[in-house]
Amino acid sequence: MSDTATHCPYCALQCGMNLRPAPSGTTGAPLTVVPRPEFPVNRGALCGKGRAAPALLAAGVRLTAPLVRSAVTGRLEEAGWEEALGAVAAGLARAGREHGRDAVGVFGGGGLTNEKAYALGKFARVALRTSQIDYNGRFCMSSAAAAHQRAFGLDRGLPFPLADVARTGCVVLVGANPAETMPPALRYLTELRENGGTLIVVDPRRTRTAERADLHLAPRPGTDLALALGLLHLVVAEGRTDEEFIAARTTGWPEARAAAMAHWPELVERITGVPVPALREAVRLFCAPESAMVLTARGPEQQSKGTDTVGAWINLCLATGRAGRPRSGYGCLTGQGNGQGGREHGQKADQLPGYRKLADPAARAHVAGVWGVDPELLPGPGRSAYELLDALGGEVRALLLMGSNPVVSAPRAAHVEGRLRSLDFLAVADVVLSETAALADVVLPVTQWAEETGTTTSLEGRVLLRRRALDPPPGVRSDLEVLRGLAVRLAREEAAVGAVFPVDPEKAFPADPEEVFEELRRASAGGPADYAGIDYGRLAEGAGEGVFWPCPEGSAGTPRLFLDRFATEDGRARFAPVSHREAGERTDAAFPLLLTTGRVVAQYQSGAQTRRVAELNAAAPGPFVELHPRLAERLGVREGQRLAVVSRRGRAVAPARLSEGIRADTVFMPFHWPGEGRANTLTNPALDPVSRMPEFKVCAVRVEAADADGPGGVRREGSGGAEGSGVPPVEGPR
């Protein structure tokens, strides 16, 4: 059997790899990873997660049979597919009949392929006819997406290929740590500096990425907006604006300029903690070369003002003429494996395929025509991700969840776990028994990336083909097969009460991914994210380097956006007149420190998959609390000592890790673990008013001894109440 050319299941780089059958007689993973140097993005390089990805295919690691919660024991027990699918269809239908169609919710994931995301959105709106669908990508890129739309009229994470990063003159990397989150991308920053370019990193921690920078700015968490405005103030004051570009290709400059001029350097230093000389040096480095880029990630985006914060960084690009030109512009480093494609084709609360707006009558008519239903049947926009989770057990009584683990990944996680437990019915489709799946009434085992074919869209907007390399184990089905099976059974449920299902479920929900993609092409045609000119045959051509959207029928694709015009009605980019405002909550005597969260190199997102890989767990075995030695000395903390971090929402416990690379007023926790070390027990669900992004990246906390009576000499930093530990067991009945 020959190698199968495919892509990594993890981050949005979607690194190319080959999968080769393991030698006969070997135990463990049935496949091994072989480099694929011809794929242009990673050129054969992989991080540890990618190299270890086949470990999840091994027997005994993943789910291989449906699980149904016993009415007698209250525990999940193995069942057949007919029983499991019947129970899910009955649970969803019952909630809809008794409480209305919007009492049924659907929660998707940014790791689902384009075909799955498309089918899930269609299933919610046609089979369930509910408006209550959103996905975990709302927690990742939504603020950048909203700012992109507002400024440029189109959201694609990077409007240029990653290769351009190495050839620009300066990169400002804001709240991103690719050395740990997407290591193969680090080569572009290395090549940037080798080519004479400069790197500025904005991060409250001196991360592995910041160590490589020419200039590191370490603002107080939650002040990135003020920082961007202060830099723009200096650009104006020092006469570094590109007035010709502003006049020819933008609108809204006078208002944005006036807002920036209210943020003079000394004020910005007081707000952010970044010294004025460092601000001036950043402006000099950014404006000196002919080309420059600003790239953001979750740091500035996961804030209750994330859309405005990203808008302020876009303003900096526009004011200096560093957008819509070769090797210049603003981009977002999308996080999840299909974080880009997952937000384009209909699993968002307000969206239809092709990045069409659900509230747009023309968009509804087009998509309804492809689906063969009356546009009036399609529900309107629903709740955003956190608002949907917060409504569970109240207005939303049943939930179908695919490819997400909000028990670990959602903000105010103890509260979200409680809402999941309060549901009348919960069904989860997943590869493993995640912490969320352990709460379900029914768990459906589904295929992994190496066991199925489908497309993803990378952070560059590059549509790629993942290929099936082996058959799934008996008892495992694809998500597409699950949706078709549920649609068939929901049609029976409706027929039993004399209702008419709006489509033929067998035809409307095919299980073949290429057939689904062909329909996706038609549904996206003419939309902002137009895939009409892409098909599986084209994606398989050559080295399988993919096709950049938008790609209308007959197009070669669009690697670089906005070179001639922006995607707004008048072709001009729009400045955002934004001003600094405080985070959703402030520090006080009870909670005097700031918490920020993030990832470590050996784990991924909620850790549901990577925590099951021995090699990765050996490298990153558990959570920790990173704090500065000066803060540790003030608190009487020693390296490795168990600490409790307490916010207004709960308490998390993990060992101390001392580092001079973090601000003395800030502590850091990675968010990959459940239980007592669950960082998201602490985080604040305050929402951005535009993107509905929760404020993961800044909240007020105190640090104290892990034990209730405070042994170990830790002096408490503040006092006050919290919601609780948020670590109830996940086994047993809900």
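Guide: A quick word on labels before we zoom in: helices (DSSP runs of H or I, at least four residues) and strands (runs of E, at least two) are numbered from the N terminus. This is a predicted model, where local features need pLDDT of at least 70, side-chain atom pairs count only at pLDDT 80 or more, and totals for chains, interfaces and linings use all residues. Residues are numbered from 1 along each chain as its sequence is written, and side-chain values use heavy atoms, leaving out hydrogens and water.

Now, go to the loop between β14 (351–352) and β15 (356–357), where you'll find Tyr355. Its phi is positive, near 60°, and Tyr355 isn't a glycine. Why point that out? Because most residues other than glycine have a negative phi. Tyr355 is also buried (under 20% relative accessible area; exposed is over 50%, partly exposed in between, using a 1.4 Å probe and protein chains only), since its relative accessibility is 8%.

Gln605 sits in the loop between β23 (593–598) and α22 (614–619), and with a relative accessible area of 16%, Gln605 counts as buried.

The peptide bond leading from Trp549 into Pro550 is cis, with omega near 0°. In general, most peptide bonds are trans.
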